[in-house]
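Thanks for coming, everyone. I will go through this one quickly, so please have the viewer open.

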Amino acid sequence: MSDQTLQTRSAPVATQATAGRFGRLMQRSEAARGYALLAPSLIFLGVLILVPFGILLVMSFWTASGFGFDTGFTTANYQKFFERPIYTALLNRSLFISGMVTVFTVLLCYPMAYYVAFHVHRHKMLWIVLMTLPFWTSYLLRVFAWKVVLGYEGVINSALMNMGLIEAPLEFLLYSQQAVIITLAHAWAAFAILPLYVSLEKIDKSLLEAATDLGDGPVRRFFRITLPLSLPGVISASLLIFIPTTGDYITPALLGGPDGAMIGNLIQKQFGPINNWPMGAALSIILMLCIATISLVFILLTLFVRKRVS
Amino acid sequence: MDIKDQLGSMRAGEISRRTFTRNLLAAGVGITAAPLATRKAMAAAGDQATFFTWGGYDIPELFVPYKEKNGELPNFSIFGGSEEALTKMRGGFVVDVSHPCNSGLPRWVQSGLFQPIDTSRLSNWGDVMPELVSLPGNDAEEGTVWLAPFDWGQTSITYRTDLFEVEGEESWDMLWDPRYSGRLGSLASGGDAWWCGAIKAGVPMDQIHTDEAFEKIAAVMREQRPLLRTYTDDTTTLEQALASGEMVAAMTWNSSATVLKAEGVPVKFASPKEGALTWVCGLMIHKDAPNIDRAYDVIDSLLSVESGKFMINDYGYGHSNNKSFEQFDAETLSGLGLSDTPSDILGAGHFQVPQTQEWETKMNTVFEEIKAGF
């Protein structure tokens with residue numbers, strides 16, 4: 001007890017001194033204030049993203065030998081990527097699948113977000129919460145639920161058979177690229193609805209009234225005012241979906257079958273049964289570069305289109 | 001320390017705003033730290049061994065003696081293939097007991113991640129079949145062993161007797177039968193599929209490492225790939241597909257056929273004329289096993305007669321304990337594709353020959369390419 005009282009007595013003096021120095025620094029320099037605010041995120045980025053990225057980059061120039069690594073610098077993994085057709089083919093397939101997923105998700109979610117932004121006037125928050133309700137269950141469960149829906153004796157097949165529309169179950173529904181696209185488009189929908197809603201909600205309604213006053217019909221008004229002004233939402237929704245789905249692993253693993261495997265599955269195999277971590281690292285780096293390039297081109301392209309439109 | 005009514009005393013002006021904030025901070029830290037303290041305490045109370053194993057072995061039926069002794073089941077962690085398991089442990093995942101098979105044994109020992117098993121600490125060791133203990137590479141020094149054999153069985157074809165019309169004898173050709181294109185299934189792990197491909201290609205097990213064998217096996221695997229509905233590491237997927245008729249034949253272990261039969265699905269576990277793939281799996285103790293005494297309890301529990309009866313009756317696997325077989329007559333055993341002299345079965349099939357790590361990497365790389373369609 002006596003220790004504690006001693007501590008509490010001396011503590012304010014010390015804290016005052018440090019607070020004073022720290023406070024002065026904060027007051028003097030705007031940059032220091034900024035960095036102090038950023039510090040938690042910067043430390044997080046540095047320790048949990050940049051350091052592993054560095055390890056991955058270094059490892060991608062090694063080679064596997066038995067249980068260990070040959071740490072001599074070599075670009076063999078990158079050469080192998082271009083020599084053996086499987087790597088580029090799986091990468092292209094992944095980019096194609098997640099490109100399709102992005103297009104479908106944005107197309108499906110835009111009307112929903114549009115409706116809530118313009119036609120719902122009361123309890124908007126409730127609507128948004130209801131739309132994201134399916135996403136309160138685990139990602140894995142949602143993917144697995146799609147397996148039940150698309151399966152051989154699944155919901156769709158049994159319904160169609162009961163209605164007498166088909167004789168035998170449709171087999172292309174499961175273990176195919178379509179299955180992966182459908183599932184990913186549903187699983188990531190929440191990530192499209194929210195940015196789309198925010199950008200549509202921000203649109204100044206008086207601009208729409210002005211367009212109508214000046215003689216634009218609903219369709220023209222949409223393409224000249226609403227769509228261009230909601231482009232930031234479309235861009236962020238597209239990127240939010242495209243980037244994580246390209247490397248998705250569990251959906252193709254459960255629903256893809258032999259033809260629906262994606263690059264994420266191969267990367268996992270390199271770190272698992274194939275036991276060639278350097279090759280897995282090289283594949284991850286290439287995947288990241290690809291996504292970065294595509295995202296950059298996409299952003300520049302939309303900015304260009306937007307300038308042309310306005 | 002005297003307890004104060006903080007809000008009340010602040011209102012009364014007895015306590016400064018700063019003191020109040022400080023006390024609030026203390027309370028916050030206390031509340032945040034409380035779960036950490038309880039978690040630690042709970043872990044100490046229920047410190048059970050961790051068993052890192054294949055799916056399907058994480059069930060109470062196999063741990064009756066363990067539970068009697070320790071009050072709880074061990075903790076389970078599941079893998080889909082033993083290569084995956086070894087990689088995970090090499091990456092720093094520490095468990096007490098894991099569950100490799102004969103083909104991986106030398107490489108698992110080589111990895112330096114395991115400690116020899118002192119068989120005098122296992123009460124059921126006296127009943128373990130000696131021919132299963134004397135696997136190549138199992139001898140550790142001074143009478144200890146690396147792996148305590150637990151289960152053995154076959155990788156073969158489970159097929160629907162009502163949907164699959166067998167032409168002549170049962171054979172590996174059944175999984176290459178173009179009549180059933182799109183209705184055949186396979187295990188995804190190279191540790192099973194590649195070896196079955198070797199049998200189909202007519203490559204002797206001790207020749208599997210040669211370049212010529214590699215090409216031959218790769219050729220048959222490429223031929224099979226377009227006929228398959230899917231590859232999976234998950235036996236439940238294969239069992240459900242066989243039960244629904246989505247698949248008519250699939251590469252499985254004994255248990256899938258036994259489980260399906262118990263559910264009344266008309267299936268048979270084939271004994272292909274070329275011979276099935278046979279294997280023995282067992283238990284190894286991690287070198288840094290945190291609960292070494294309970295690790296021995298896990299092994300002893302799995303080697304017990306109770307577990308053996310369950311393994312034979314419900315899963316259709318062979319067990320390593322001689323006494324487990326006393327409950328079953330020869331007819332039941334042969335119906336399950338088993339025998340109380342495992343050499344009958346293991347000798348009739350093709351026993352996997354351990355390979356180097358380089359071979360495993362090369363095989364898995366090629367097999368992944370084939371699975372992806374190249």
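Arg179(B) is partly exposed, at 39% relative accessibility. For the cut-offs: buried is under 20% relative accessible area, exposed is over 50%, and partly exposed is in between, with a 1.4 Å probe and protein chains only. Arg179(B) meets Asp177(B) in a salt bridge, 2.8 Å from N to O. Asp177(B) is buried, with a relative accessible area of 10%. A salt bridge here is a side-chain nitrogen of Lys or Arg within 4 Å of a carboxyl oxygen of Asp or Glu.

Some housekeeping. This is a predicted model: local features need pLDDT of at least 70, side-chain atom pairs count only at pLDDT 80 or more, and totals for chains, interfaces and linings use all residues. Residues are numbered from 1 along each chain as its sequence is written, chains are lettered from A and ligands numbered from 1 in the order in which they are written, and side-chain values use heavy atoms, with hydrogens and water left out.

Back to charges. How many salt bridges are there over all chains? The search of the whole structure finds 20. Take Asp216(A) and Arg224(A): their closest N and O atoms are 3.5 Å apart. Asp216(A) is buried at 12% relative accessibility, and Arg224(A) is partly exposed at 48%. Shared partners join Asp216(A), Arg220(A) and Arg224(A) into one salt-bridge network.

Now a pair across chains. Asp259(A) forms a salt bridge with Arg225(B), with the closest N and O atoms 2.8 Å apart. Asp259(A) sits in the loop between helix H12 (250-256) and H13 of chain A, and Arg225(B) in the loop between helix H8 (211-224) and E7 of chain B, so the pair joins two chains. Helices (H or I, at least four residues) and strands (E, at least two) are DSSP runs, numbered from the N terminus. Asp259(A) is partly exposed at 41% relative accessibility. Arg225(B), at 13%, counts as buried.

That brings us to the interface. Chain B and chain A bury about 2,900 Å² between them, 56% of it on carbon and sulfur atoms. Buried area is the accessible area (1.4 Å probe) that two parts lose on being put together, summed over both. The contact takes 32 residues from chain B and 32 residues from chain A. Contact means heavy atoms within 4.5 Å. Between the two chains the count is three salt bridges. One of them pairs Lys269(A) with Glu368(B), the closest N and O atoms being 3.3 Å apart.

Which element of chain B gives the largest share of the side that touches chain A? H15(B) does, with eight residues. That side of chain B divides into six nonpolar, 13 polar and 13 charged residues. In this scheme Ala, Val, Leu, Ile, Met, Phe, Trp, Tyr, Cys and Pro are nonpolar, Asp, Glu, Lys and Arg are charged, and the others, Gly among them, are polar.

Helix H13 (residues 263-271) of chain A is mostly covered, with seven of its nine residues buried. Lys269(A) is one of the buried residues, and Ile263(A) and Leu266(A) are among them too.

Next, cysteines. There is one disulfide over all chains. The cut-off is a pair of cysteine sulfur atoms within 2.5 Å. Cys101(B) is joined to Cys281(B), S to S 1.8 Å. The two lie 180 residues apart, Cys101(B) in the loop between strand E3 (97-98) and helix H5 (105-110), Cys281(B) in strand E10 (residues 277-286). The S-S torsion is about 85°, so the disulfide is right-handed. Both Cys101(B) and Cys281(B) are buried.

Cys196(B) is buried, at 0%.

Last, backbone. Most residues other than glycine have a negative phi. Tyr175(A) has a positive phi of about 55°. Tyr175(A) lies in the loop between helix H7 (155-162) and helix H8 (177-187) of chain A, and is buried at 11% relative accessibility. Asn275(A) also has a positive phi, near 60°. Asn275(A) is in the loop between H13 and helix H14 (277-309) of chain A, and is buried at 5%.

That is the tour. Questions, please.
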